Amino acid sequence: MQSRNHGRFAVARMTLTVFLLSCVLQVAAFTVSFAETIYYWKDPAGIYHFYKDPPKGFVPRVKKESSPRQSKKSLSKRQIDKLAEVFGRRHRVNADLVRAVIEVESDYDPRSISSAGAQGLMQIMPETQKDLGVDNPFDPVENVEAGVRYLRMMLDRFKDVQLALAAYNAGPLTVEKYGGIPPFAETRKYVIQVLKRYRYNRSKARQNVQFSQ
């Protein structure tokens, strides 16, 4: 009788062990599933987009330990043009267009601040800086990378260079509200100036290619 009870106890203990082991494995699996990397970005309209795998064109950004408010090292116009080329290629934006935006926005001054509060080479507004993950808007590298990335968003959203430039200047919601370039003198002048400079840059680039041949 005692040995039978002992056998039942052994079976019960084994069953309990198996049950606890099963629970541990389930918890571990649950933890692993929630430990997966989730990629996301927030579009200018404030909508988050989530991906299980890195989306096409994904470029990881490393957060700096410190972010001085002013750039310690000034860059020449040629170096800034190179940034336009590098980040233009990365985000599929014509480098001549990026250079045109930089020239009209800040005239190549990394410390430029507009009366509306836009900052840096590509004159990014503080709220847009937050959405783009900008730590130091006066850092030429960080500013140009973020500005080109935002310009790419506007090009994808409006499928038209003029509308993308208008959205870059006045905001995408304003362009959508008016169904085109807003009737603001500043925005219309801005689009004209950037396009004029863009055409000039492209013409100059073609001349350089012909000269080199």
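I looked up the second largest pocket and got about 610 Å³ of space. (A pocket is an open set of points on a 1 Å grid over the protein atoms alone, where a 1.4 Å probe fits, with protein on both sides within 12 Å along at least five of seven lines; volume is the space filled by probe spheres set on the points.) The model is predicted: local features need pLDDT of at least 70, side-chain atom pairs count only at pLDDT 80 or more, and totals for linings use all residues. Residues are numbered from 1 along each chain, and side-chain values use heavy atoms, without hydrogens and water.

I checked the lining (an atom within 4 Å of a point). Of its 31 residues, Ala118, Gln123, Met125, Tyr168 and Asn169 are the closest to the pocket centre. The lining divides into 16 nonpolar, 8 polar and 7 charged residues. Asp, Glu, Lys and Arg count as charged, Ala, Val, Leu, Ile, Met, Phe, Trp, Tyr, Cys and Pro as nonpolar, and the others as polar.

Next I took α3 against α6. Their axes (lines fitted to C-alpha atoms over the stretch in contact, angles from 0 to 180 degrees between N-to-C directions) come within 13 Å and cross at roughly 35°. Helices are DSSP runs of H or I, at least four residues. Leu97, Val101 and Glu105 of α3 meet Val161, Leu165 and Tyr168 of α6, with contact meaning heavy atoms within 4.5 Å. By class I noted 5 nonpolar, no polar and 1 charged residues there.

Last, I looked at α2 (77–90) and α3 (95–106). They pack at about 130°, axes 8 Å apart.

Notes:
Helices (H or I, at least four residues) and strands (E, at least two) are DSSP runs, numbered from the N terminus.
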